[in-house]
Amino acid sequence: MAMMLLLRGAELSTAQSDQYLQAESQELVALANQARAQAGVPSVKWDPALAQAALKHTRRMVSEGGAIQHDYPGELILSERAGLSGAHFNLIEENIAVGPTSGEIHDAWMHSKLHRENMLNPEVNRIGIAVIARRGVLYATADFTRAVEAYSPSQVEGQVETLVARNGVKVIADHSLAREACTVNRGFPRVENGSQPSFVMRWQDSDLSHLPENLVQQLASKRFHEAAVGTCPASGEAGTFTAYRVAVLLY
């Protein structure tokens, strides 16, 4: 859930105005991790891609000059900003604020129920924060995500092949039919010469540490002796949430 907060207070010195403040950004990270430790949840790690997305949005807040917002006209939404900056995730949250100091911004977030929930969410493990000084105050954006492992297509296929092989089924080296099957939502690939698959499983997920339960059951049935694995671009997720689309053919 994305959240915003507007604070009012003492002005910064002229020398601090209109600058990207790395020290204040890192202070907010440290304060967030202190609060998470006190709450008994794991710390979050710095993500440069998230920080870049946060900086772009903070600059937009500064340039608008009015009430701060999460999405301005013509601007990408939060998940798109983070995804196109290079972050890989399947959960994202955002806090924004205007205030006199980073410490007071953190304190205000901690005393706001929804902002506090974002910061202390045990499901997130990455953070990117950007702070800019302008007009005598600090503009801050904090993005939190649950990171997803970034795999190349060959790594996706290799990971799934390893899981399939653990179930005692031989993996075929040729990926072409499985990749073709991956691109459609139903039916078997057309085979001119060779065996037709008896079962096709297609799915899309950000977690490749396990196979779908239906596929596990099919492999456990001992009815199949060979499998082909293929991947293709995920549908509906490009540039936002990270997901991998996979097809497994069983023979």
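## Two helices side by side

Let's start with a pair of helices: helix H1 (residues 22-39) and helix H4 (residues 102-110) pack at an angle of about 35°, and their axes are 9 Å apart. Here axes are lines fitted to C-alpha atoms, for helices over the stretch in contact, and angles run from 0 to 180 degrees between N-to-C directions. Helices (H or I, at least four residues) and strands (E, at least two) are DSSP runs, numbered from the N terminus. On the H1 side, the contact (heavy atoms within 4.5 Å) is made by Glu24, Glu27, Leu28, Leu31, Ala32 and Ala35. H4 brings Ser102, Gly103, Ile105, His106, Trp109 and Met110.

Sorted by class, that makes seven nonpolar, three polar and two charged residues. In this sorting, Ala, Val, Leu, Ile, Met, Phe, Trp, Tyr, Cys and Pro count as nonpolar, Asp, Glu, Lys and Arg as charged, and the others, Gly among them, as polar.

## What kind of model this is

This is a predicted model, where local features need pLDDT of at least 70 and side-chain atom pairs count only at pLDDT 80 or more, while totals for chains, interfaces and linings use all residues. Residues are numbered from 1 along each chain as its sequence is written, and side-chain values use heavy atoms, with hydrogens and water left out.

## Charged pairs

How many salt bridges are there? The count is seven, taking a salt bridge as a side-chain nitrogen of Lys or Arg within 4 Å of a carboxyl oxygen of Asp or Glu. One of them joins arginine 81 to aspartate 71, with the closest N and O atoms 3.2 Å apart. This pair links distant parts of the chain: arginine 81 is in helix H3 (residues 78-84), and aspartate 71 is in the loop between helix H2 (48-64) and H3, 10 residues away. Arginine 81 is buried at 7% relative accessible area, whereas aspartate 71 is partly exposed at 37%. Buried means under 20% relative accessible area, exposed over 50%, and partly exposed in between (1.4 Å probe, protein chains only).

Arginine 81 also pairs with glutamate 75, at 3.7 Å between the closest N and O atoms, and both of these residues are buried. Asp71, Glu75, Arg81 and Glu94 are linked in a salt-bridge network. Elsewhere, lysine 113 bridges to glutamate 117 at 2.5 Å; both sit in helix H5 (residues 113-120), four residues apart, about one turn of the helix.

## A covered strand and its hairpin

Is strand E5 (residues 126-134) mostly covered or mostly open? Mostly covered: seven of its nine residues are buried. Two strands pair if DSSP finds at least two bridges between them. Strand E3 (residues 45-46) runs parallel to E5, joined by two bridges, and tryptophan 46 stands opposite isoleucine 127.

On to strand E6 (residues 137-147), which runs antiparallel to E5 with nine bridges. Arginine 126 has threonine 145 as its bridge partner in E6. E5 and E6 form a hairpin with two residues between them, and arginine 135 in the turn has a positive phi of about 60°.

## A four-stranded sheet

Another set of four strands forms an open, mixed sheet in the order E7-E9-E10-E8. Strands E7 (170-171) and E8 (199-205) stand at the edges with a single partner strand each, so one side of each is left without a neighbour in the sheet. E8 runs antiparallel to strand E10 (residues 244-250), with seven bridges between them; aspartate 205 stands opposite tyrosine 244.

Helix H6 (residues 153-165) packs on this sheet, touching E7, E8, strand E9 (226-232) and E10. Helix H8 (residues 213-220) packs on the sheet too, touching E8 and E10.
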